[in-house]
Amino acid sequence: MSKPYLDEEDISAVVDVLKSGNLVQGSKVLELETKIKDRFGVTQCSAVSNGTASLHLALLALGVGKDDEVIVPAFSYIATANVVELVGAIPVFVDIDLATFNIDVSKVEQRITPKTKCIMPVHEFGLCVDMDPILELSKKYNIPIIEDAACAVGAKYKGNYSGTFGEFASFSLHPRKSITSGEGGILVSNSIELDYKIKTLRNHGIEPNSIPMKFVEAGFNYRLTDFQAAMVSSQMRRLEAILTRKAELVKIYYNLLRKDIITLPFVPIGSEHSWQTFHVVLSNHAIRNALQEYLKKNQVFVNYGAQCIPEMDFYKNKYHFDSQQDFPNAYKAYSCGLALPLCETTTEDEINFVCELINKFQYAE
Ligand SMILES: *Cc1c(COP(=O)(O)O)cnc(C)c1O
């Protein structure tokens, strides 16, 4: 479905670090943080060990804790909700818009309570959430925003990059994302004070640049290595090309894929999708499963795109959700959704082949 690609320059950047003797959170991590700041126009950046760690630290830095509430979409990768549980807070799920797979912004305000300490919109699959209404609510109720931009590096909303809207925004560098360090995460913000907390918490609670070291928090080890940072810095050269390439491939899907049993994702005017995943919805659960099976028989391996989180065992058992009733769109996206093959190195022929296969697929209602 997807395969990370590293060119010779990416690989030699890693090898150079391995030879240098400076392996962890050194000059290459600083260099990556500077590149990210310059590229996306934010003033602060902290690289950390993965995208989940970065969301976790953001919640902690905002002081979100026991019995606080955090608004999250009901359809996302499960880490979005797990980090809320990890700080002792309660994820308050909001259903999605089935056309975009993003949180239904018209349903957010009704879930705000005096306990709401954060709104965490997810730019699902690389499409920015309709941020204007979320920003309005944030202002009206004085609630900070953490963008889960794990999939959305380089995506734009009304001319602005994902990651530039919230108090914090988190990117993931997992191999399923557009640029990767194997494991890695990036947290950006425009607050020196908030970022200072992140830099302290990611490194055992050591106050940054303190000599002798001052241990001012019970922190984590959420550091990124220098060889991982160098690998990502090197891929930053290609980011624009990667995004352009994926957008070209996606056009083939839009042109060729049958539209009778498949609904293609909707991209609102003013949004630039980063196409971390090309996710479609089949007309029902049985057809989705049959299509997945049929593709597998033909050597095309596809998978679900994300979870209906309230339907997952931990959340269902803890909060007794009835997802079909409470989050019908998230349930549908999960039970009828499919992520089709797409990555930087996918060829036109491969997409054509997948489209032809799908268009020949026979099913019994
Ligand atoms: C990938 C992803 C994460 C987690 O990132 P990791 O780097 O794998 O920890 C969180 N949220 C979303 C929406 C993701 O897609």
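Reader: Which residues come nearest the ligand?
Author: This is a predicted model. In it, Gly51, Thr52, Asp148, Ser172 and Lys177 come nearest, out of 15 residues around the ligand.

Reader: What does threonine 52 put by the ligand?
Author: A polar side-chain atom. It sits 2.5 Å from an oxygen atom of the ligand.

Reader: And serine 172? How far is its polar side-chain atom from a ligand oxygen?
Author: 2.7 Å, again from a polar side-chain atom of serine 172 to an oxygen atom of the ligand.

Reader: Glycine 51: which polar atom is involved, backbone or side-chain?
Author: Backbone. That polar atom of glycine 51 is 2.7 Å from a ligand oxygen.

Reader: Switching to helices. At what angle do H8 and H13 pack?
Author: About 25°, with the axes 10 Å apart. H8 covers residues 239–256 and H13 residues 348–360. Angles under 35 degrees count as roughly parallel, so H8 and H13 are roughly parallel to each other.

Reader: Which residues of H8 and H13 make the contact?
Author: H8 gives Arg245, Leu249, Ile252, Tyr253 and Leu256. H13 gives Glu348, Ile351, Asn352, Val354, Cys355 and Asn359.

Reader: What about H1 and H7, roughly parallel or antiparallel?
Author: Antiparallel, roughly. H1 (residues 8–20) and H7 (residues 226–236) cross at roughly 150°, and their axes come within 8 Å.

Reader: Is that crossing left-handed or right-handed?
Author: The crossing of H1 and H7 is right-handed.

Reader: Which residues meet there?
Author: From H1, Glu9, Asp10, Ala13, Val14, Val17 and Leu18. From H7, Asp226, Phe227, Ala230, Met231, Ser234 and Gln235. This contact of H1 with H7 has 7 nonpolar, 2 polar and 3 charged residues.

Definitions and conventions. Residues numbered from 1 in each chain as written. Predicted model: local features only at pLDDT ≥ 70, side-chain atom pairs only at ≥ 80, totals over all residues. Heavy atoms only, no water. Axes fitted to C-alpha atoms, helices over the stretch in contact; angles between N-to-C directions. Helix = DSSP H or I, 4+ residues; strand = E, 2+ residues; numbered from the N terminus. Parallel < 35°, antiparallel > 145°, perpendicular 65-115°, else oblique. Contact = heavy atoms within 4.5 Å. Near = heavy atom within 4 Å. Polar contact = N/O pair within 3.5 Å; in protein donor to acceptor, adjacent residues only side chain to side chain. Left-handed = near helix turned anticlockwise from the far one by under 90°. Nonpolar A, V, L, I, M, F, W, Y, C, P; charged D, E, K, R; others polar.
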